[in-house]
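Me: I want to learn how to read features off a model like this one. Can we go through it piece by piece?

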Amino acid sequence: MNSLYQKIWSEAKPYYLTSRPMDVKHIEWFIEMVETICQIEKLDESLLMPLAILHDVGYATLTNPKTANYYDKDIRRAHMKAGAEIAEKILKQVKYPDDKSKKIIEYIGIHDNWAFGEVDMYLQDNILGTFKDFDYLWIYTKIGFDAIKIVLKKNDLQMLQHLKDEVSPIHGKKPFSSNYTKELRESYLKEREKDLHITFKKNIP
Ligand SMILES: [Fe+2]
Ligand SMILES: [Fe+2]
């Protein structure tokens, strides 16, 4: 990761440390994913990387981020609005180029708008579409799975079923922006199934 992204990450990290329990891991995983996908799909890392690093900083401003239900629509709106404001401050602080900052702040302010039925922008904009793929795929990772099953009050099996049923936040036309993210979902699903199989075996007396 280049030094400018590192600077953004070190400014953002304190927010995440006071925020949701899994947020630092969420962003660290996201950073790795962005590095990979930008090489494969030749995407503009100067937009996607700051977006990935900063997109959820707004959760830190909630009254009780550690126990909040992130699926609540008001909370979704609040974290996007607050996130855009914090991102603006951080990008200014690290002297990120103005035109890029403007776009990144705009993305952060709308990044979860699929939850409000606005899906076209994810289909038309590859940066936003790819971002959405990864943000959604996070709960398929082991850490994401364990964190979100608590929020959704599900046991392991119910959580696995939830993942299998949820093909993409964007239904219809093009659920994934690339083959890479489409296949990543399949491989994470296989891993989570394997985890549960192991757990069951261990539980047999
Ligand atoms: Fe978010
Ligand atoms: Fe996120």
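Me: Take W9 and Y16 to begin with: are they buried or exposed?

Reply: Burial is read from relative accessible area, and under 20% counts as buried. Both W9 and Y16 are buried. Keep in mind that this is a predicted model.

Me: How are the rings of W9 and Y16 arranged as an aromatic pair?

Reply: Look at the distance between ring centres and the angle between planes. The W9 and Y16 centres are 5.9 Å apart, with 50° between the planes. That pair is tilted.

Me: What kind of pair do Y136 and Y140 form?

Reply: Planes over 60 degrees apart count as edge-to-face. The Y136 and Y140 planes meet at 65°, so this pair is edge-to-face. Their ring centres are 5.4 Å apart. Both Y136 and Y140 are buried.

Me: How many aromatic pairs does the structure hold?

Reply: There are 8 aromatic pairs. Some of the rings join up: W29, F30, F131, F134 and W138 are linked into a cluster by ring pairs.

Me: Now the metals. Which residues coordinate the iron ion (ligand 2)?

Reply: List the donor atoms and their distances. For the iron ion (ligand 2) they are NE2 of H26, NE2 of H55, OD of D56 and OD of D135, at 2.2 to 2.3 Å. Along the chain, these donors follow the spacing H-x28-H-D-x78-D.

Me: Why is the arrangement around the iron ion (ligand 2) irregular?

Reply: Check the angles. Four donors count as tetrahedral if all angles lie between 85 and 135 degrees. The 4 donor atoms here subtend angles of 83 to 174°, which makes the arrangement irregular. Water is not among the atoms, so sites may look incomplete.

Me: Which residues coordinate the iron ion (ligand 1)?

Reply: The donors of the iron ion (ligand 1) are OD of D56 and NE2 of both H79 and H111, at 2.1 to 2.3 Å. Their spacing along the chain is D-x22-H-x31-H.

Me: What does D56 bridge?

Reply: D56 bridges the iron ion (ligand 2) and the iron ion (ligand 1), which lie 4.1 Å apart. With D135, D56 links distant parts of the chain: D135 is in helix α7 (residues 126–137), 79 residues away from D56. D56 has a relative accessible area of 3%. For D135 the value is 17%, and D135 is buried.

Me: Which side chains make polar contacts with D56?

Reply: Search for N and O pairs between side chains. D56 contacts H79 at 3.1 Å. D56 also contacts H26, at 3.4 Å.

Me: How many residues of α7 are buried?

Reply: Go residue by residue. In α7, 11 of 12 residues are buried, and the helix is mostly covered. Among them are F131, F134, D135 and Y136.

Me: Are K42 and K95 buried or exposed?

Reply: Over 50% counts as exposed. K42 has 69% relative accessibility, so K42 is exposed. K95 has 71%, so K95 is exposed. By contrast, K73 in helix α4 is partly exposed, with a relative accessible area of 47%.

Terms used: Residues numbered from 1 in each chain as written. Chains lettered and ligands numbered in written order. Predicted model: local features only at pLDDT ≥ 70, side-chain atom pairs only at ≥ 80, totals over all residues. Heavy atoms only, no water. Donors = N, O, S within 2.8 Å, 3.2 Å for Na, K, Ca; no water. Tetrahedral: all angles 85-135°; square planar, octahedral: opposite > 155°, others 65-115°. Helix = DSSP H or I, 4+ residues; strand = E, 2+ residues; numbered from the N terminus. Buried < 20%, exposed > 50% of the residue type's maximum accessible area, 1.4 Å probe, protein only. Phe/Tyr/Trp six-rings, centres within 6.5 Å; stacked < 30°, edge-to-face > 60°. Polar contact = N/O pair within 3.5 Å; in protein donor to acceptor, adjacent residues only side chain to side chain.
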